[in-house]
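Keep the viewer open as you read.

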Amino acid sequence: MQFAQLVSTRRSMRKFTTEQLTPDELHTLLRAALMSPSSKGKHAWQFTVVDDAALLTALSQCKAAGADFLAGAPIAIVVSGDTAESDVWIEDASVAATVLLYQAEDLGLGACWIQVRERYAADGTPAADIVSRLLQLPPHVQPLCIVAVGHKGMERKPFNEERLLWERVSVK
């Protein structure tokens, strides 16, 4: 698939079949993430693959809204950054998560970004604290997002190019 087509067909997928990812699919996803660009080549990101149903369900409750579908995903990849390694870990982890989303689409899989940083559970607990506790992350490793991945459980139309906000582009 050409990248331009990939960009228009990639849509957030919040519904998955029960089919598990193959080891090759998971390897391809992680390989792409590990190749993602990073500031000064520091590669300050870390990836935690979660395929345990109970842990996926617990993670799906990390914030008040927008993560519940994670309980139905075959896997999640938690994208974190090492704050001791880089001051731009947020940017580096964001690029890596985006690469994961496009690699999933290229494989014919569905994926969706679940924001963790600066989000909160219903009781006000930071979602990042909940994720860190569940995954036993060290204090200097901060979760940015969770990427839910699986075989698509529904069809989505390609991006409607009529909705492009060309007025937000300027040329100087």
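## A partly exposed pair

E118 counts as partly exposed, at 49% relative accessibility. In this predicted model, the side chain of E118 meets that of R117 in a salt bridge, at 3.7 Å from N to O. R117 is partly exposed too, with a relative accessible area of 28%.

The count of salt bridges comes to two.

## E105 and K152

The other pair to look up is E105 with K152, whose side chains meet in a salt bridge at 3.1 Å, N to O. E105 lies in helix α4 and K152 in the segment after β4, so this pair ties together parts that are 47 residues apart in sequence.

Is E105 buried or exposed? With a relative accessible area of 7%, E105 is buried, because buried here means under 20%. K152, in contrast, is partly exposed, with a relative accessible area of 30%. Leaving aside residues up to four places away in sequence, E105 touches L6, T9, R10, R11 and K152.

## How α2 meets α4

Helix α4, which spans residues 89-106 and holds E105, also packs with helix α2 (residues 23-34). The angle between them is about 145°, and their axes are 8 Å apart. The crossing of α2 past α4 is right-handed.

Which residues make the contact? From α2 come T28, L29, A32 and A33, while α4 supplies A96, V99, L100, Q103 and A104. Sorted by class, this contact has seven nonpolar residues, two polar ones and no charged ones.

In soluble globular proteins, nonpolar side chains tend to be buried together. In this model, the largest nonpolar core has 25 residues, and L70, V131 and I146 have the most contacts inside it. The elements giving two or more residues to this core are α3 (53-59), β2 (75-82), β3 (109-115), α5 (127-135) and β4 (141-151). Of these, α5 gives the most, with five residues.

Definitions and conventions:
Residues numbered from 1 in each chain as written. Predicted model: local features only at pLDDT ≥ 70, side-chain atom pairs only at ≥ 80, totals over all residues. Heavy atoms only, no water. Helix = DSSP H or I, 4+ residues; strand = E, 2+ residues; numbered from the N terminus. Contact = heavy atoms within 4.5 Å. Core = buried A, V, L, I, M, F, W, Y, C linked by side-chain atoms within 4.5 Å. Buried < 20%, exposed > 50% of the residue type's maximum accessible area, 1.4 Å probe, protein only. Axes fitted to C-alpha atoms, helices over the stretch in contact; angles between N-to-C directions. Left-handed = near helix turned anticlockwise from the far one by under 90°. Nonpolar A, V, L, I, M, F, W, Y, C, P; charged D, E, K, R; others polar. Salt bridge = Lys/Arg side-chain N within 4 Å of Asp/Glu carboxyl O.
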